[in-house]
Number of protein chains: 6
Amino acid sequence: MRQAMVVPVGEADAGPEVKAVYDDIKATRGIDAIPNFWRAIAHHPPLLRRTWETLKEIMAPGALDPLTKEMIAIAVSATNGCEYCIRSHTASARKLGLTDEMFGELMSVVGMFNETNRLAEAYQVEPDAAFFRRADDGGAK
Amino acid sequence: MRQAMVVPVGEADAGPEVKAVYDDIKATRGIDAIPNFWRAIAHHPPLLRRTWETLKEIMAPGALDPLTKEMIAIAVSATNGCEYCIRSHTASARKLGLTDEMFGELMSVVGMFNETNRLAEAYQVEPDAAFFRRADDGGAK
Amino acid sequence: MRQAMVVPVGEADAGPEVKAVYDDIKATRGIDAIPNFWRAIAHHPPLLRRTWETLKEIMAPGALDPLTKEMIAIAVSATNGCEYCIRSHTASARKLGLTDEMFGELMSVVGMFNETNRLAEAYQVEPDAAFFRRADDGGAK
Amino acid sequence: MRQAMVVPVGEADAGPEVKAVYDDIKATRGIDAIPNFWRAIAHHPPLLRRTWETLKEIMAPGALDPLTKEMIAIAVSATNGCEYCIRSHTASARKLGLTDEMFGELMSVVGMFNETNRLAEAYQVEPDAAFFRRADDGGAK
Amino acid sequence: MRQAMVVPVGEADAGPEVKAVYDDIKATRGIDAIPNFWRAIAHHPPLLRRTWETLKEIMAPGALDPLTKEMIAIAVSATNGCEYCIRSHTASARKLGLTDEMFGELMSVVGMFNETNRLAEAYQVEPDAAFFRRADDGGAK
Amino acid sequence: MRQAMVVPVGEADAGPEVKAVYDDIKATRGIDAIPNFWRAIAHHPPLLRRTWETLKEIMAPGALDPLTKEMIAIAVSATNGCEYCIRSHTASARKLGLTDEMFGELMSVVGMFNETNRLAEAYQVEPDAAFFRRADDGGAK
């Protein structure tokens, strides 16, 4: 088993600040156990608190639905090559309805644009003038 | 203006292999002019052909809708910091209905997971056992 | 001039949520004008608020001093190749006392470990057992 | 155990060029065993020699102290996701006085700026004019 | 053993589209067993087909010889820190004649330019005018 | 014109340590003017000296020829998206014989493996046992 860089904070060992976050994670996510990620960063309670509060707010339903957000999280994690994150977000996305077919298309898109990103950089392609027309560019807000 | 690494292939100068791809790009996308990206890689016709054929197939409607695919493309491009690609895919996504509100949420998610990716790596967090349960893992290998 | 992806929010056009953040940025930093970064993300007020609140908390003096934190920010930004961020954090660090000599040493360290990171990956080097001894591994917290 | 890409060079098997470097590593660092990184790259003696000489010079005390340099090394390694490097530099930093509290703040800064780096890129934010004022810009070019 | 994100497709379980690709991989490469990479992406047959067809075309002898192409693949994979890819392409390159001496020089170059890439970015160096002279820049645009 | 982070060191303003390196760069490369990269890092003479000495040694003919080394440098720089480096190494490679056809194949390989790197990571593919057989693994450790 991989040893984390710090001693993870078990639920029984959590001080009040950490315990409050752990309780909110379990209630919000409907889970019984705290994932290893949160246990690791809990060694520094402000990091745990800020990270959880931000993530909770960002992943709430809004203009984008939760499954779309998890797929975007997978795309970012695959581009960065973060194993924990790929596995974590794929597990969450599957609960929200991600099928193998969708995963295959997601991977196709992620792979493709990691390729074209490098081609656009390597050829030093000038952005097209058409990209700069904005629907709202009639004036300052 | 930024000079590309190769002399871009204008429409009037395209040989038959390049012209066939250019015609298909314009017909498929419903556009009148070939974007700079395709003009640059057209200096090597097999690269143009392969890249266009793959992209055309991947971006066609499937298990994921075109707007979701463009948002994933933006997420990848933002993570890699590719200006051409960010501008290109955002322009495409706006045509498909991406609003400023959706762009703001997309950026929030992309920013957040670029942060947590590094935390998961830096703390060397062990993936949770729960991530390894697959809906289809009774299947053949 | 580079056009941002959204219409930046000028100070005169800021709604109450954005204005409150802008006022806090100016008071906390002791500056008269809102930097372009905040104006851009202000198009999505929750992203502005969360990002500023987190940054303000993180950059406050703590176990690490502000100059060290800015140098770490430069190291991250140089590794990622983000021009805005390199220029922004270097400007902040110079105000806090970063000299050219310190910048040269910082760059030497950043360059060096971007090199050795790839060597360690490319050679697939096994972490030494000695790295796993922790000062605090005598027991769970 | 992970197998390196090449047969590592044990101390008993080192030729004169490698042995000289190994001896200097042990003397400079005050250690008894050669870490795996050096054993791996020792298969190509000029790479070992150049890498060690550069690292030795860069990590010597100067305008930045050794602990600051190791924290910068951790920041680079976490941004790149290099496990060996994260573990190695964190072990070195702990010997130099890095506490869990400092590690938590370091991680907070590294995570934060990996997020804002992507936001600055994704929004294509123009650097502020204020960033371009240099203390020494009256000088020769 | 690391569990892949999907159930890999064994040769006995391959449908006709996958089987056709598997047969072509074995014939083209002169191997008896399908590597794990292809088995994983075969869960989404169009991804398998497109990826194999592109790779087969790209790696065929052309203006660059196959060993040079494999070394470039190693350079990309080392820069991205992809273990599977580093191991896979190094195994292929060794079959094509890559010696330990060549691997050491390859790594030296890869390490070096990962360093100078960051220095060029961090110092925000302006490209020299001399870089923009092209042998073919009398041509049409 | 892009302003570098430090005042570049012109040839007329170089102190003895910098001048010695500048003279060696011009003699070794057969050029009349010092490229901007070296002028920038010359603000910190030890960084200039170390970087030049390492680069000079690495790029000398050895088991790999200079053109191959420049192509590897392009591959690394394109993967990292470093404009200065892409332009600089492509200019050098063209002098050594890189044709547009070779550049097109190089880009095809670089693009392709940036794609498959992400697929291998995203699918969490286990390296094949065959990759671990080394020609020299009878040797000492």
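This is a predicted model: local features need pLDDT of at least 70, side-chain atom pairs count only at pLDDT 80 or more; totals for chains, interfaces and linings use all residues.
Select residues 66–80 of chain D for helix 4 and residues 83–95 of chain D for helix 5. Their axes come within 9 Å and cross at roughly 160°. Because the cut-off for roughly antiparallel is over 145 degrees, helix 4 of chain D counts as roughly antiparallel to helix 5 of chain D.

Next, show the side chains where these two helices touch. On helix 4, pick D:Leu67, D:Glu70, D:Met71, D:Ala73, D:Ile74, D:Ser77 and D:Ala78. Facing them from helix 5 are D:Cys85, D:Ile86, D:His89, D:Thr90, D:Ser92 and D:Ala93. Colour this contact by residue class and you will find 8 nonpolar, 4 polar and 1 charged.

Now bring chain C into view. The contact between the chains takes 63 residues from chain D and 63 residues from chain C. On the chain D side, select helix 2 (36–41), helix 3 (45–59), helix 4, helix 5 and helix 6 (100–122), each of which gives two or more residues. Which helix of chain D gives the most? Helix 6 does, with 17 residues.

Last stop: superpose the two chains. A rotation of 180° with 0.0 Å of shift along its axis places chain D on chain C, with an RMSD of 0.0 Å. That is the relation of a two-fold axis. Since 100% of the interface residues of chain D are also interface residues in chain C, the copies meet through the same surface.

Methods:
Residues are numbered from 1 along each chain as its sequence is written. Chains are lettered from A and ligands numbered from 1 in the order in which they are written. Axes are lines fitted to C-alpha atoms, for helices over the stretch in contact, and angles run from 0 to 180 degrees between N-to-C directions. Helices (H or I, at least four residues) and strands (E, at least two) are DSSP runs, numbered from the N terminus. Angles under 35 degrees count as roughly parallel, over 145 as roughly antiparallel, 65 to 115 as roughly perpendicular and the rest as oblique. Two residues are in contact if their C-beta atoms, placed from the backbone, lie within 7 Å. Ala, Val, Leu, Ile, Met, Phe, Trp, Tyr, Cys and Pro count as nonpolar, Asp, Glu, Lys and Arg as charged, and the others, Gly among them, as polar. Copies are superposed by least squares on the C-alpha atoms of residues with pLDDT of at least 70 in both.
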